[in-house]
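Work through the exercises below with the sequence and the coordinates at hand. Each task is followed by a worked solution.

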Amino acid sequence: MAIQMGGGDETPMSDINTTPLVDVMLVLLIIFLIAVPVAIQTIEKLQIPIMESAESKDKVENLLLTVSTTDAAGRSAGDPGFEGASRQGECRVYFNNITPVNSEELYDQAFERLDAIVQRAGGPEAIMENPEMIPQVHIRGDVNAPWRCVAGTIYNVQAAGYPTVGFISNPVDPNA
């Protein structure tokens with residue numbers, strides 16, 4: 001650090017004192033060094049239940065999606081001999097929990113469905129007046145479905161225009 005000594009000018013010193021900045025940055029570094037491993041362990045232990053593909057009795061306007069993968073042998077959830085989703089398997093998305101779709105079909109069908117709901121409500125202005133009429137997307141994720149499959153599904157439905165995406169899981173019995 002430099003210090004200004006004496007001299008004829010009585011002007012105020014305009015240099016920035018960096019000591020408090022360095023102190024704050026060191027504290028933040030220590031906090032992140034402690035918090036990141038805890039967050040990573042928490043994420044790795046996240047368990048989303050395996051769900052069967054079945055028609056849900058939810059509100060008609062909501063879009064229901066099931067995200068899974070093929071098993072080690074490449075079989076999908078409805079195929080005989082399916083051994084459960086594999087983290088290395090190919091992504092499988094089921095539209096309304098029944099119809100298998102790829103990314104392009106998911107986008108197209110989600111867009112068409114949302115457009116029909118908006119038109120039936122009287123247009124974008126009418127549906128915006130009553131936010132409860134805006135449909136949501138509910139995703140059921142297989143316990144072994146990798147995040148890339150779920151993230152791709154979220155991206156496609158949000159690109160199609162759905163503003164709200166949520167997740168569905170089985171409730172755990174607190175008395176069990």
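Predicted model: local features only at pLDDT ≥ 70, side-chain atom pairs only at ≥ 80, totals over all residues.

**Exercise 1.** State in which order the strands form the open sheet, and find which strands stand at the edges.

*Solution.* Step 1: the sheet has five strands in the order S3-S2-S1-S4-S5, and its pairing is mixed. Step 2: S3 (99-101) and S5 each have a single partner strand, so these two stand at the edges, and one side of each lacks a neighbour in the sheet. Step 3: on average, with direction ignored, neighbouring strands are turned by 35° against each other.

**Exercise 2.** Determine how strand S4 (residues 137-141) pairs with S1 and with S5.

*Solution.* Step 1: S1 (residues 63-69) and S4 are parallel and share five bridges. Within this pair, Ile139 of S4 lies opposite Leu65. Step 2: S5 (residues 165-168) also runs parallel to S4, joined by four bridges. Here Arg140 has Ile168 of S5 as its bridge partner.

**Exercise 3.** Decide whether the faces of S4 are covered or open.

*Solution.* Step 1: in a regular strand, side chains alternate between the two faces of the sheet. Step 2: sort the residues by side, which puts Val137, Ile139 and Gly141 on one and His138 and Arg140 on the other. Step 3: a residue counts as buried under 20% relative accessible area. Both sets are buried, which leaves both faces covered. Step 4: five of the five residues of S4 are buried, so the strand is largely enclosed by the rest of the structure.

**Exercise 4.** Describe how helix H4 (residues 147-159) packs on the sheet and against H2.

*Solution.* Step 1: on the sheet, H4 touches S1, S2 (91-95), S4 and S5, and its direction makes about 150° with that of S1. Step 2: two packed helices are described by the angle between their axes and the distance between the axes. For H2 (residues 103-121) and H4 the angle is about 35° and the axes are 8 Å apart. Step 3: the crossing is right-handed. Step 4: Ser103, Leu106, Tyr107 and Ala110 of H2 meet Thr153, Asn156, Val157 and Ala159 of H4. By class, this contact has five nonpolar, three polar and no charged residues.

**Exercise 5.** Is Asn156 buried or exposed, and which residues does Asn156 touch?

*Solution.* Step 1: Asn156 lies in H4. Step 2: the relative accessible area of Asn156 is 11%, so Asn156 is buried. Step 3: leaving out residues up to four places away in sequence, Asn156 touches Ser103, Leu106 and Tyr107.

Methods:
Residues numbered from 1 in each chain as written. Heavy atoms only, no water. Buried < 20%, exposed > 50% of the residue type's maximum accessible area, 1.4 Å probe, protein only. Contact = heavy atoms within 4.5 Å. Pairing = 2+ DSSP bridges. Axes fitted to C-alpha atoms, helices over the stretch in contact; angles between N-to-C directions. Left-handed = near helix turned anticlockwise from the far one by under 90°. Nonpolar A, V, L, I, M, F, W, Y, C, P; charged D, E, K, R; others polar.
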